[in-house]
Amino acid sequence: MGGRARRVTASDIARSLGISRATVGFVINDTPGQTISEATRRKVLAEAARLGYRPHAAARALARGSNRIVLFILPDWPVEHSLRRYLEEATLVLDRAGYSLATWTRHAGGRSRPLWETLDPDLVVPVLPLPRDDLDVLRREAGARLLLGGDEPSELHEVPSLRAGPALQVEHLHERGHARLAVALTGDPRLELLAGLRASLARARAAELGLEIADVRTVRDEDGSAAGAVRDWVDAGVTGVVAYNDDIAAAVVGAAVRAGIALPGRLAVVGHDDSPLARLLVPALSSVRVDVAGLGRYAAHRALHALGVEETPPAEPDVRATVVHRETS
């Protein structure tokens, strides 16, 4: 059996060309202040490509004093449509600037070694506000600057992009003549705080508009709770449902369709996140759209500004939410 192929080194390139190892290193690392002819530079790069040379990541990081890694600390949430789009866009922006995005989820009671200890990132970015105690620990341990200043929100309920949707869901149903509503929440324990926040925001806006929230309950499609909730709501005179997200809304819509309940004539449903599911569902789901992709780009540009890569700080993102009206309302 053959062993692993030996890694091509800068010394191999130097030997092949009959030049010094230092010259090869200056070219490969693009070392400033060195007088190297363009012909030599091209020859070194061509030979490196021919031999299949790949620079050693640790050595390059040591040479330039940077790993070119930005570490995003994620909330302990499932990676659903919104968070996935946020990370995709942030990754693209950082990649264009020559940086890699890494993510680490800080689990409650988790025992894994913090990823910043392994990666030594250039910057650590909490995606959402961290509890003050956790933030203090992070500042003490990470050894990297944080993209989080004194003007940042310190609580989940202070994040504008998380607050916008529930009020819009209630307003949308109100505009269509619905006065008695229900709120359908996820049962995922990781989302308990966010689900509670959305429920309280929906209640507050309903009270301002003189509407009644007749029921708030957890809905799961797999255990039949969606079907039971729909039956109870229709019996109680509920005509509009504010759903935690599009998955929960789809469970409600599916239960209503199977029970022969007309949508939106007898029961209107509004989801949240405007995921692809909202467009593909039959009937198509009305849902709240927030530009999470734009938020991801903004976070990445802020990181690059903090690192000194971009001189101008990015403009504040547009966190206004809109309701995309489809067939379920």
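Why does Glu47 count as buried? In this predicted model, Glu47 has a relative accessibility of 9%, and buried means under 20%, so the residue falls in the buried class.

Figure 1. Leaving aside residues up to four places away in sequence, Glu47 is in contact with Ile13, Ser16 and Leu17. With 9% relative accessibility, Glu47 is classed as buried.

**Figure 2. Arg68 and the ring of Tyr99.** The charged end of Arg68 is placed over the Tyr99 ring. It lies 5.2 Å from the ring centre.

**Figure 3. Arg198 and the ring of Tyr244.** Here the charged end of Arg198 sits over the ring of Tyr244, at 4.6 Å from its centre. As for pairs between aromatic rings, a search of the whole structure returns 1.

**Figure 4. The chain as context for the close-ups.** The secondary structure consists of 13 helices and 10 strands. The chain has 329 residues, of which 45% count as buried; Glu47 is one of the buried residues. Considering contacts in the chain between residues at least 6 apart in sequence, 72% link residues at least 24 apart.

How values were computed. Residues are numbered from 1 along each chain as its sequence is written. This is a predicted model: local features need pLDDT of at least 70, side-chain atom pairs count only at pLDDT 80 or more; totals for chains, interfaces and linings use all residues. Side-chain values use heavy atoms; hydrogens and water are left out. Rings of Phe, Tyr and Trp (its six-membered ring) pair if their centres lie within 6.5 Å; planes under 30 degrees apart count as stacked, over 60 as edge-to-face and the rest as tilted. A charge sits over a ring if NZ of Lys or CZ of Arg is within 6 Å of the ring centre and within 35 degrees of the ring normal. Buried means under 20% relative accessible area, exposed over 50%, partly exposed in between (1.4 Å probe, protein chains only). Contact means heavy atoms within 4.5 Å. Helices (H or I, at least four residues) and strands (E, at least two) are DSSP runs, numbered from the N terminus.
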